[in-house]
Amino acid sequence: RLQQGRFSEAAPLFERARLLNPREVRFAFLHGTALAGMNQFEQAVSAFHAAIKLGPNIADIYLALGQAQRKLEQFDEAQATYRKLLRLQPDNVDGYIALGSVLAEMGQFADAEAPLRRALAYARDPKVQAAIHNNLAIALENQNRHAEVLESLERAQALTPNLPGLG
C-alpha cells in the first residue's frame, strides 16, 4: 500500500506492526514514511526518531527525517540531521543535495555551494547532475556571481538537452 501511495491505509498497519515488533527498525521507518506521505510531519519526525534509536546507522532514515523537519521549517534540525547522514555515508548524493537545499532555504547561499559541488562530484546520473547545477546556479545568483550562474546553467543544459525548460 505504501508503494502505491496509499499512505492513509498503510500508516495504521505500520503503527500496529510497530506495536507488535517494537525492536524492528523497518516498521518504525515505514510508519514515519506513511505519516510523511499524509503530511503528518510531526508524527513522522517522532517515528523517524524511534527508527534511529533502533537503527542508528541507517542513512535513509536520516534523509527522511531531514525532509520531514524541512516541511516543518525546522531548518537547523534538518541541517544537523543531514550532516549526521553524511558522516554515516560520505558519498550520499541525496544527502549533499538536501544539505545544500536546506542551507539555501536558510539564506546561507555561500554555505550551500560546497555541499552542492560535493553532490556533483558523486552524482553519476546526468539528470541529477543537471538538477544540481540548477540548484547551484540559484546559490551563485544569490551571491551575485553571474558568470558562474551562466556556466552552471549551460552545464545543466548540456547534460539534459532534451528536457523542456532548460533550452
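What pattern does the protein follow, read along the sequence? I read off α-α-α-α-α-α-α-α-α.

**Entry 1: ground rules.** I am working with a predicted model, where local features need pLDDT of at least 70, side-chain atom pairs count only at pLDDT 80 or more, and totals for chains, interfaces and linings use all residues. Residues are numbered from 1 along each chain as its sequence is written, and side-chain values use heavy atoms, with hydrogens and water left out.

**Entry 2: the whole protein.** I looked up the elements and found nine helices and zero strands. Here helices (H or I, at least four residues) and strands (E, at least two) are DSSP runs, numbered from the N terminus. The C-alpha trace spans about 55 × 30 × 25 Å along its principal axes. Of the 167 residues, 40% are buried; buried means under 20% relative accessible area, exposed over 50%, and partly exposed in between, with a 1.4 Å probe and protein chains only. I also checked contacts (heavy atoms within 4.5 Å): among those between residues at least 6 apart in sequence, 42% join residues at least 24 apart.

**Entry 3: the core.** Which residues have the most contacts inside the largest nonpolar core? They are Phe48, Tyr82 and Ile132, in a core of 46 residues. At least two residues of this core come from each of α1 (7-20), α2, α3, α4, α5, α6, α7 (109-122) and α8 (126-141). A nonpolar core is a set of buried Ala, Val, Leu, Ile, Met, Phe, Trp, Tyr and Cys residues joined through side-chain atoms within 4.5 Å. I noted a general point beside it: in soluble globular proteins, nonpolar side chains tend to be buried together.

**Entry 4: helix α4.** I followed α4 over residues 59-71, and its 13 residues reach 19 Å from first C-alpha to last, close to the 18 Å expected. That expected span is 1.5 Å times one less than the number of residues. Buried residues of α4 include Ile61, Tyr62, Leu63 and Leu65. The buried residues of α4 pack against α2 (25-37), α3 (41-54), α5 (75-88) and α6 (93-105).

**Entry 5: α5 against α6.** How do α5 and α6 lie, and what is the angle at which they pack? The angle is about 160 degrees, with the axes 9 Å apart; axes are lines fitted to C-alpha atoms, for helices over the stretch in contact, and angles run from 0 to 180 degrees between N-to-C directions. The two helices are therefore roughly antiparallel, since angles under 35 degrees count as roughly parallel, over 145 as roughly antiparallel, 65 to 115 as roughly perpendicular and the rest as oblique. Among the residues making the contact are Ala78 and Tyr82 of α5, and Gly95 and Val102 of α6.

**Entry 6: single residues.** Ala78 lies in α5 and counts as buried because its relative accessibility is 0%. Leaving out residues up to four places away in sequence, Ala78 touches Gly66, Gln69, Arg70 and Val102. Ser101, in α6, counts as buried at 17% relative accessibility. Leaving aside neighbours within four places in sequence, I found Ser101 in contact with Arg70 and Asn135.

**Entry 7: two loops.** Is Glu73 buried or exposed? Glu73 is exposed, with a relative accessible area of 61%, and sits in the loop between α4 and α5. Glu73 has a positive phi of about 60 degrees although it is not a glycine. Asn144, in the loop between α8 and α9 (146-159), also has a positive phi of about 60 degrees. Asn144 is exposed, with a relative accessible area of 58%.
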